[in-house]
Amino acid sequence: MLFSISAIRLRGVVLYTLLMGVLPMVGWAQGNVQPRPVPGYPLASPYDQRIRALMAPMSLEQKVGQMTQLNLDAVSVGAVYQLQEPHRLDSAKLHEALRVRQVGSILNCGGHAYDLQHWREIISEVHAVQGPAPSIPVLYGIDAIHGANYVLEGLLFPQPLAQAASFDAELVRRVAEATAYTTRASGVPWNFSPVLDVARQPLWSRVFETYGEDPLVVTRLGSACIQGYQGSNPAGMHRVAATLKHFLGYSMPWTGKDRTPAYIPERLLREIFLPPFKAGIEAGALTLMVNSGELNGIPVHADAQILTGLLRKELGFQGLVVSDWEDILKLVTVHRVAEDYRDATRMAVMAGVDMAMVPNDYRFTDALLDLARSGEVPVSRLDEAVYRILHVKFSLGLMDRAEPYSMSEYPLILSDSLRLLQREAARRSWVLLRNRGAVLPLKAGSSLHLQGQALDDPYAWNGSWSRTWQGVDTLWDRKNAGPSLRDVLGNRFSLASTSSDTKGPLVVVLAEKPSTEKPGDLGDLSIPSEDIETARRWCRTHSGPKILVLVQNRPRILNGLDTLFDAVLLANQPGAAGVQALADLLAGDYSPSGKLPYTYPAQPHSLLTYDHKWTERLDPSFGMEAFRPAFAFGEGQGFWPVRYEKVRLIDTLLRGMDAVLRLEVSLHNTGPQSQRETVLVMVGDSVASVTPSFRRLRDFRSVELGPGERRQVQFLIPVRDLRFVGKDMEYVLEKGWLNATVQSFNLPFRWEP
Ligand code: GLC
């Protein structure tokens with residue numbers, strides 16, 4: 001049994017099963033049964049009465065329609081993936097989908113971003129075709145993962161990994177709030193974001209969509225993002241529904257290639273991959289999207305233990321579960337666990353999928369109707385799914401108003417305040433990894449040598465999921481792309497025109513071509529050898545200061561190239577304001593504050609994370625120095641040192657599970673400018689019944705220090721936050737010595753029950 005259910009939960013499960021088995025017959029008919037929430041598995045929605053009244057007269061066809069999600073292409077003029085331009089809806093296809101099939105959801109754009117006016121026309125036309133209440137409005141979903149990227153007026157913010165370099169939950173919340181604002185202005189109320197996958201495999205093509213390799217960082221930033229999207233009332237005209245994705249274990253494919261098998265034992269799942277989703281559920285996320293891959297041999301779309309046992313009964317999630325793209329079909333064609341589509345439909349719906357992102361036809365709708373008529377899928381299961389779908393639609397206020405709100409409600413679109421937030425987020429994305437000889441900031445009047453493709457291309461700064469899925473369209477991903485780095489640097493510095501002057505600073509920009517999902521699969525994490533050789537050649541012919549700028553989806557192995565440079569700067573796709581933020585940094589307008597939210601490997605077969613095990617530090621001479629990344633998790637500096645003058649533990653002996661570890665950290669900003677510093681508090685077990693990690697991040701905080709300012713920062717860490725998943729898969733803390741580490745300070749302390 002993969003996920004143990006404690007006795008209390010088991011009793012609750014039995015009661016729940018009875019309730020759900022009985023309720024639909026009784027509840028639907030009368031529409032007035034108040035279900036009793038089952039312990040650990042809350043059942044009733046605050047809209048319960050209205051949901052049940054709406055469902056009572058629903059036919060099987062209507063219920064199955066609600067569980068169907070179609071791609072916008074499928075109701076647009078032209079062929080799927082080859083729509084006519086300019087985009088417009090096909091009234092016949094729309095009528096079939098909404099009036100005949102009564103489809104519950106539509107997603108995506110028709111291959112590229114649209115302006116607000118066109119989005120609002122689409123949403124209004126969809127609801128017009130549906131006709132007046134009490135028809136059930138379509139729930140429209142979109143990927144708006146770094147700003148409202150598919151809205152041309154949507155500012156492109158840093159990608160999640162770049163935002164994570166700030167280690168600042170409040171910043172992430174504000175960016176999410178701005179994203180929700182513009183997304184809802186377009187009429188779309190559902191965002192397939194945040195990615196809560198913990199990035200433990202740097203080869204994976206979607207590392208840039210995550211908040212990095214540490215579960216605490218992903219948990220805090222992911223929960224802040226959900227708060228930014230949904231606020232306290234997701235029905236608000238500036239709010240959208242969040243999506244916890246991709247549940248579960250998607251981000252550690254064994255081969256590093258997207259949607260290939262992940263082998264993650266339960267202890268690791270619970271220790272590393274589950275906490276962000278658990279927190280996201282507690283944060284009230286309305287929806288969840290399933291991992292397209294397989295986990296320990298079972299495709300998650302067909303795994304009832306994960307989608308019902310763990311997600312529903314143990315974690316108590318009550319929102320809607322949507323499949324990922326075409327993943328019911330892939331149970332047949334790719335995973336090969338289903339004989340045919342009908343069988344795949346049965347497997348997925350019975351495992352716990354409430355809505356299928358089909359997304360280009362009615363196979364799912366037909367198959368599920370047949371399965372319901374034959375009784376292979378009980379009507380109670382359809383009712384459960386539809387109940388959740390309607391709960392989301394009510395929670396978003398769609399049942400009272402589905403049309404877009406007036407544009408007068410959105411005065412901040414393209415406003416200075418949103419642009420300031422975009423600039424701040426872009427600045428916080430930049431990580432200064434080396435500044436040998438304090439070559440940065442550059443001296444005013446410097447004459448720069450510039451090298452690199454991204455000097456003129458906008459693509460790498462924004463990444464995928466920008467104005468198109470992959471983010472490299474020569475038309476759409478150049479729209480409103482803003483000035484190039486070359487132009488912006490040319491405004492701040494003189495640009496050396498010939499190679500004769502080799503004494504000025506050499507700025508080499510090495511950028512990874514944007515890609516996501518399968519198109520982003522790599523066979524080699526190294527930066528392409530031709531790029532390495534070109535950069536080496538530039539360095540050989542240059543005697544002045546050398547600055548390497550890395551703009552990447554994931555940490556590409558440098559094979560020692562960085563050692564040729566005096567300064568190394570990195571951003572994981574800082575968004576459309578990233579170019580200006582870099583120029584401002586090079587000019588010294590602000591001191592960089594980003595820190596790496598992941599480990600940057602030095603060698604292709606040493607892809608370790610910072611919280612590795614002691615055996616992974618053991619080197620051939622039996623020392624403990626085998627862990628030598630190119631750059632460490634949490635690494636990053638400003639122009640001037642921020643000194644950790646003192647770190648103090650208030651107590652070195654803690655007793656009981658309610659104890660609190662208290663630290664005081666005394667900081668000193670030695671610079672003449674304000675500098676922001678992120679303090680990371682790591683704790684490691686000296687001995688534990690499960691092999692302890694070298695250390696684990698247990699708290700962090702980003703603080704702004706004025707010029708020359710000294711400040712003491714307190715940390716209060718409940719000892720229950722120091723627990724780990726023990727031998728019996730339950731969280732445990734064991735008596736003995738632990739070690740708190742802040743920068744170079746190591747502070748032992750003891751805990752006893
Ligand atoms: C994709 C992605 C998922 C995205 C969905 C809709 O396949 O895996 O993250 O939200 O399809 O675009």
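Which residue forms a salt bridge with Lys 595, and how far apart are the closest N and O atoms?

**View 1. Two domains in one predicted chain**. This is a predicted model, and its chain splits into domain 1, covering 422-617, and domain 2, covering 642-752. Going by C-alpha atoms, the domain centres sit 32 Å apart.

**View 2. Where domain 1 meets domain 2**. Here 13 residues from domain 1 are in contact with 15 from domain 2. The two domains bury about 1200 Å² between them, and carbon and sulfur atoms account for 48% of that.

**View 3. Lys 595 and Glu 677 up close**. Glu 677 is the partner in question: it forms a salt bridge with Lys 595, with 3.6 Å between the closest N and O atoms. The count of salt bridges between domain 1 and domain 2 is 1. As for polar contacts, 8 residue pairs turn up across this interface, both residues being at pLDDT 80 or more.

**View 4. An open sheet of 6 strands**. The strand order reads S13-S18-S17-S16-S14-S15, with mixed pairing. At the edges are S13 (431-435) and S15 (494-495), each of which pairs on one side only.

**View 5. Zooming in on S13 and S18**. These strands run antiparallel and are joined by 4 bridges, with S18 spanning residues 567-571. In general, strands of a sheet pair through backbone hydrogen bonds, either parallel or antiparallel.

Conventions: Residues numbered from 1 in each chain as written. Predicted model: local features only at pLDDT ≥ 70, side-chain atom pairs only at ≥ 80, totals over all residues. Heavy atoms only, no water. Domains from an automatic or database assignment. Contact = heavy atoms within 4.5 Å. Buried area = accessible area lost by both parts, 1.4 Å probe. Salt bridge = Lys/Arg side-chain N within 4 Å of Asp/Glu carboxyl O. Polar contact = N/O pair within 3.5 Å; in protein donor to acceptor, adjacent residues only side chain to side chain. Pairing = 2+ DSSP bridges. Helix = DSSP H or I, 4+ residues; strand = E, 2+ residues; numbered from the N terminus.
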